[in-house]
Amino acid sequence: MKKLLLASVAVAGLFGASALASDMPTKAPVIKTPIVTPPYNWSGFYVGANFGGGWTNGSLNIPGNNFYGGITEFIGGVQAGYNFQAGHLLIGVEGDFDWASFNHPAFPAPTLGSESNHWISTVAGRVGLVNDRWLVFAKLGGGWVQSEATVNVPGSPSWNGSNTNGGWLIGGGIEYGFKAHWTVKLEYDHLAQSGWNSATVPAVALNRDLQMIKAGINYKFESGLPTEAEVSRSCSC
């Protein structure tokens, strides 16, 4: 009888402890919210540098000697601009200045001479589509090229001239923000210019249309990422 009573008490205690445990509040599961990096911000001022190549596709119309077929050489320089971003749309303005090492060798007889370009400058508006760190843009504006030429036409005095010629610019490219303050770009530009006539008899017409392919890097004064995003990114690296 005593053993039966002890067993009953033990069973009752076991079921009572189980019931008490089931009534105790349980700890809620911890849900980790993923950290979402905010989209890249393209707005603000920037400065940078570029390099690439350019070529003319005009012709030097020398009477009796149409030898000229364009010049191709290295270009390099600097650029600066401002972007305003509204959602996926970007509107901006950019100017650049490039030094050029264009030089055409001396033309053969009966007409002797040479032609070279020394610098190129452009100013253009930009409009583009933004997808986070990627930007695809188009450019429209104008530009100037500084040229020198020497022409020796038989029967006429030797002529040497310098000319800064302007025209309209159209282009486009792609740009990527690889750091909070840094972007890289690749672009193509076409600069259409009016002709240039030498002061010789007969006159020599130099038709110059310039095409350029340039790679560049820009520094943004305004960070492309909020401060907290920059800190979290640097901590996770």
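The legends below describe close-up views of a predicted model.

**View 1. Salt bridge between E94 and K139.**
The side chains of E94 and K139 form a salt bridge, with N and O 3.1 Å apart. E94 belongs to strand β4 (residues 89-104) and K139 to strand β6, and 45 residues separate the two, so that the pair links distant parts of the chain. Both E94 and K139 are buried. Seven salt bridges are present in the structure.

**View 2. Surroundings of K139.**
K139 sits in strand β6, which covers residues 134-152. Its relative accessibility is 3%, under the 20% limit, and K139 therefore counts as buried. The K139 side chain has a polar contact of 3.1 Å with the side chain of E94, and another of 3.1 Å with the side chain of E187. Leaving aside residues up to four places away in sequence, K139 touches residues that include the acidic D96, E94, E187 and D189. Among its other contacts are A124, G125, R126, L169, I170, G171 and G172.

K185 and E187 form a salt bridge in which the closest N and O atoms are 2.9 Å apart. K185 has a relative accessibility of 8% and counts as buried; E187, at 3%, is buried too. Through salt bridges with shared partners, E94, K139, K185 and E187 are joined into one network.

**View 3. Salt bridge between K214 and D96.**
The side chains of K214 and D96 meet in a salt bridge with an N to O distance of 2.8 Å. K214 is in strand β11 and D96 in strand β4, so this pair ties together parts 118 residues apart in sequence. K214 and D96 are both buried.

**View 4. Nonpolar cores.**
In the largest nonpolar core there are nine residues: I75, A100, I120, A124, V145, L169, L191, L210 and M212. Strands β5 and β11 (209-220) are the elements that give two or more residues to this core. In soluble globular proteins, nonpolar side chains tend to be buried together.

**View 5. Contacts of H190.**
H190 is part of strand β8, residues 182-193. With a relative accessible area of 16%, H190 is buried, since the limit is 20%. Apart from residues up to four places away in sequence, H190 touches W168, L169 and I170, and also D209, L210 and Q211. Of these contacts, L169 and L210 are also members of the largest nonpolar core.

**View 6. Nonpolar patch on the surface.**
Eight side chains are shown here: F45, V47, Y82, F84, V93, V123, W144 and F221 form a nonpolar patch on the surface. Together these residues have about 770 Å² of accessible area. At least two residues of the patch come from each of β1 (44-56) and β3 (72-86).

**View 7. V123 within the patch.**
V123, one of the residues of the nonpolar patch, is located in strand β5, residues 112-131. Its relative accessibility of 44% falls between the limits of 20% and 50%, so V123 counts as partly exposed.

Notes
Residues numbered from 1 in each chain as written. Predicted model: local features only at pLDDT ≥ 70, side-chain atom pairs only at ≥ 80, totals over all residues. Heavy atoms only, no water. Patch = residues over 30% accessible without salt bridge, like charges linked within 9 Å, V, L, I, M, F, W, Y side chains within 5 Å. Areas by Shrake-Rupley, 256 points an atom, 1.4 Å probe, with all protein chains shown as cover. Salt bridge = Lys/Arg side-chain N within 4 Å of Asp/Glu carboxyl O. Helix = DSSP H or I, 4+ residues; strand = E, 2+ residues; numbered from the N terminus. Buried < 20%, exposed > 50% of the residue type's maximum accessible area, 1.4 Å probe, protein only. Contact = heavy atoms within 4.5 Å. Core = buried A, V, L, I, M, F, W, Y, C linked by side-chain atoms within 4.5 Å. Polar contact = N/O pair within 3.5 Å; in protein donor to acceptor, adjacent residues only side chain to side chain.
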